[in-house]
Amino acid sequence: MAGLLWMMLAGLLFVAMTAVVKHVGAEVPAAQSAFLRFAMGLPLVLPMLWPLRRARPTGRQTGLLALRGLVHGFGVICWFFAMTRIPLAEVTAMNYLNPVYVTVMATLLLGERWETRRMVAVLAAFAGALLILRPGLRTVEWGHVAMIGASLGLGSGYLIAKRLSAEMSPSVIVGMLSVTVPLVLLPFALAVWVPVGAIELGWFALTAAFATAAHYAMTRAFAAAPLGVTQPATFLQLVWSVLLGAALFGERVDPFVILGGAVIMGAVTWLTLREAADRHAQEAEA
């Protein structure tokens with residue numbers, strides 16, 4: 001129950017962060033919004049920056065850390081752009097595709113085995129995405145294209161982090177991301193910069209607080225319960241998104257978005273549980 005409640009809280013905080021971004025994003029360009037969100041969040045990750053003083057990354061590791069900052073920054077800009085173009089529920093539903101992209105790229109780039117269950121999960125998730133987009137039956141907005149770019153950028157960053165996790169401490173990897181992403185975003189933000197006041201800065205500080213609290217709650221959820229309990233609870237993010245979108249922004253409830261999100265989430269949950277069960281079986285045999 002504790003793990004379930006922590007994951008429900010994490011989902012609500014992530015959606016609250018998204019709603020604040022959508023509220024402010026109409027007035028501030030996406031690149032500037034993304035930069036301000038990370039810049040305002042730097043004080044919250046200061047404890048993670050201390051290990052960087054002792055880190056001695058190799059040239060290859062430095063290049064991978066820089067590449068991760070670059071692709072993550074690209075993904076964040078796309079995500080912030082999508083926030084201002086399509087409804088909250090559609091952003092949340094399409095965000096469920098991230099693990100699917102990671103699975104495909106891990107097979108293509110890292111040489112991981114392409115098993116039948118992964119293919120089934122990918123095809124099911126793709127069907128869910130088609131339910132959301134419905135090409136030919138509705139207009140596919142630039143926000144939808146941006147969400148695909150966001151998923152590809154963030155998914156690429158996760159793969160790089162996975163490669164580095166065997167060589168470097170998590171604190172160094174997270175701390176370097178917190179440093180490199182603002183540096184990547186800065187020139188794009190300066191190119192479209194508009195004046196912002198104390199109120200807007202306060203909103204961006206709130207997004208950083210929501211994001212930090214959400215990651216903390218998610219970590220507590222993983223520590224308190226197995227994935228079989230916590231993973232399905234992430235689907236509640238779509239419920240919160242539908243409710244907040246309707247209440248705050250007057251967005252209509254699209255049943256195809258809910259259905260597509262459910263299909264994607266179901267595919268991701270099924271794949272996660274199957275692979276976790278296999279890992280436990282292998283550990284038991286060892």
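Guide: With Gln61, which lies in helix 4. Keep in mind that the model is predicted.

Visitor: Why does Gln61 count as buried?

Guide: The relative accessibility of Gln61 is 10%. Buried means under 20% relative accessible area, so Gln61 counts as buried at 10%.

Visitor: What makes the pairing of Gln61 with Glu167 a polar contact?

Guide: The two side chains meet at 3.0 Å. A polar contact needs a pair of N or O atoms within 3.5 Å, one able to donate a hydrogen and the other to accept it. The side chains of Gln61 and Glu167 make such a contact. Leaving aside neighbours within four places in sequence, Gln61 is in contact with Leu164, Glu167 and Met168.

Visitor: How is the packing of two helices described?

Guide: By the angle between their axes and the distance between the axes. For helix 4 (residues 59-83) and helix 9 (residues 170-191), the axes come within 8 Å and cross at roughly 55 degrees.

Visitor: Which residues of helix 4 and helix 9 make the contact?

Guide: Helix 4 contributes Leu65, Arg68, Gly69, Leu70, His72, Gly73, Val76 and Ile77. From helix 9 come Ile173, Met176, Leu177, Thr180, Val181, Val184, Leu185 and Phe188. By class, this contact has eleven nonpolar, four polar and one charged residues.

Visitor: Helix 6 and helix 7 are also oblique to each other. How do you know that about helix 6 and helix 7?

Guide: Helix 6 (residues 98-109) and helix 7 (residues 116-133) pack at about 135 degrees, with axes 10 Å apart. The perpendicular class runs from 65 to 115 degrees, and roughly antiparallel means over 145. An angle of about 135 degrees falls between those two classes, so helix 6 and helix 7 are oblique to each other. Their crossing is left-handed.

Visitor: What makes up the contact of helix 6 with helix 7?

Guide: Val100, Thr103, Val104 and Thr107 of helix 6 meet Arg118, Val122 and Ala125 of helix 7. By class, there are four nonpolar, two polar and one charged residues.

Visitor: Why is Thr207 called buried?

Guide: Thr207 has a relative accessible area of 0%. The cut-off for buried is under 20%, and therefore Thr207 is buried. Thr207 sits in helix 10 and touches Met17, Val20, Val21 and Arg37, not counting residues up to four places away in sequence.

Visitor: Which residues does Glu200 touch?

Guide: Glu200 is also placed in helix 10 (residues 198-224). Not counting residues up to four places away in sequence, Glu200 touches Val24 and Glu27. The C-alpha atoms of Glu200 and Val28 are separated by 8.8 Å, although the two residues are 172 residues apart along the chain.

Visitor: What is the secondary structure of the chain?

Guide: The chain has 13 helices and zero strands. Of its 286 residues, 46% count as buried. Among contacts with a separation of 6 or more, residues 24 or more positions apart account for 91%.

Key:
Residues numbered from 1 in each chain as written. Predicted model: local features only at pLDDT ≥ 70, side-chain atom pairs only at ≥ 80, totals over all residues. Heavy atoms only, no water. Axes fitted to C-alpha atoms, helices over the stretch in contact; angles between N-to-C directions. Helix = DSSP H or I, 4+ residues; strand = E, 2+ residues; numbered from the N terminus. Contact = heavy atoms within 4.5 Å. Nonpolar A, V, L, I, M, F, W, Y, C, P; charged D, E, K, R; others polar. Buried < 20%, exposed > 50% of the residue type's maximum accessible area, 1.4 Å probe, protein only. Parallel < 35°, antiparallel > 145°, perpendicular 65-115°, else oblique. Left-handed = near helix turned anticlockwise from the far one by under 90°.
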